[in-house]
Amino acid sequence: MIKLHGFAASNYYNVPKLAMLEKGVAFEEVLAYAGAGPKYKPEYLDKSPLGKVPALETPEGFISESRAILEYIERAYPTPSLLPATPFGIAKVHELSQFIELYFELVARRVIPNLLLGTKPDPAVLKEVEKGLDKAAAALPKLSRFEAFAYGDQFTLADIAAILNLPIVRNVGKAFLGRDPLTEVPGLDAYCARMEERPHVQKVRADAAANRPDFMAHLKALYGF
């Protein structure tokens with residue numbers, strides 16, 4: 001059985017986790033608060049060279065980086081597919097997924113430590129984050145109308161990117177900007193409500209909530225937060 005190393009409070013970990021749950025892949029979860037610093041476990045670097053989560057343990061060896069893990073999962077367990085049937089559809093799903101990761105997740109991540117620790121972001125950083133999120137939000141409707149799914153008529157990798165990352169953007173906006181940067185995106189509210197009703201999304205949410213106190217205790221032990 002393949003094993004997913006990491007921790008449930010990590011969104012990067014939850015990307016392949018949700019994919020495997022949706023595909024019905026049998027896997028074992030291995031708790032790992034990883035990292036490359038001296039306070040972390042150096043042996044984890046054999047699984048993930050930069051000490052990041054997640055890492056997937058397969059019969060052939062370890063794979064790190066969420067996108068690479070998703071590629072392995074899709075090829076090793078092709079049914080049900082999390083990609084459309086056509087080359088164009090596949091490309092559009094990857095386009096939307098990467099758009100969300102690059103222009104929403106990475107931008108919002110600059111103030112995630114502040115969100116976790118209840119501290120105020122640097123005003124200059126927050127201004128850049130706000131500008132980036134607003135620009136991406138204005139462009140997002142060109143890639144998805146968020147009708148039945150993020151793209152097409154089936155659950156795909158784009159839905160995983162959307163439902164795991166866009167709610168974080170909303171939380172960042174409400175906490176630090178006094179508004180939801182995504183409020184004007186057509187169809188998004190109803191789409192998110194539908195996705196949150198999916199049993200596997202609910203499991204990922206519940207597992208993340210259950211792990212969060214232990215993760216915060218881990219950070220406190222390491223850094224004194």
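Let's begin with Lys23, which sits in helix H1, residues 11-23. This is a predicted model, where local features need pLDDT of at least 70, side-chain atom pairs count only at pLDDT 80 or more, and totals for chains, interfaces and linings use all residues. Residues are numbered from 1 along each chain as its sequence is written, and side-chain values use heavy atoms, with hydrogens and water left out.

Q: Is Lys23 buried or exposed?
A: The cut-offs first: buried means under 20% relative accessible area, exposed over 50%, and partly exposed in between, with a 1.4 Å probe and protein chains only. Lys23 has a relative accessible area of 6%, so Lys23 is buried.

Q: Which residue has its backbone oxygen 2.6 Å from a polar atom of the Lys23 side chain?
A: Contact here means heavy atoms within 4.5 Å. Leaving out residues up to four places away in sequence, Lys23 touches Ile73, Glu74, Tyr77, Pro78, Thr79, Pro80, Ser81 and Leu82. The one whose backbone oxygen lies 2.6 Å from a polar atom of that side chain is Pro80.

Q: What is the relative accessible area of Pro16?
A: Pro16 also lies in helix H1. Beyond residues up to four places away in sequence, Pro16 touches Leu4, Pro54, Ser66, Ile69, Leu70 and Ile73. Pro16 counts as buried because its relative accessible area is 0%.

Q: How far apart are the C-alpha atoms of Pro16 and Ala32?
A: Along the chain, Pro16 and Ala32 are 16 residues apart.

Q: How many helices does the chain have?
A: Helices (H or I, at least four residues) and strands (E, at least two) are DSSP runs, numbered from the N terminus. Along the sequence they follow the pattern β-α-β-β-β-α-α-α-α-α-α-α. That comes with 4 strands, and the helix count is 8.

Q: What radius of gyration does the chain have?
A: The value is taken over C-alpha atoms, and the globule rule is 2.2 Å times the number of residues to the power 0.38. For 225 residues, a compact globule would have a radius of gyration near 17 Å, which agrees with the chain's 18 Å.

Q: What share of the contacts with a separation of 6 or more is between residues 24 or more positions apart?
A: Of the 225 residues in the chain, 46% are buried. As for the contacts with a separation of 6 or more, the share from residues 24 or more positions apart is 69%.

Conventions: Polar contact = N/O pair within 3.5 Å; in protein donor to acceptor, adjacent residues only side chain to side chain.
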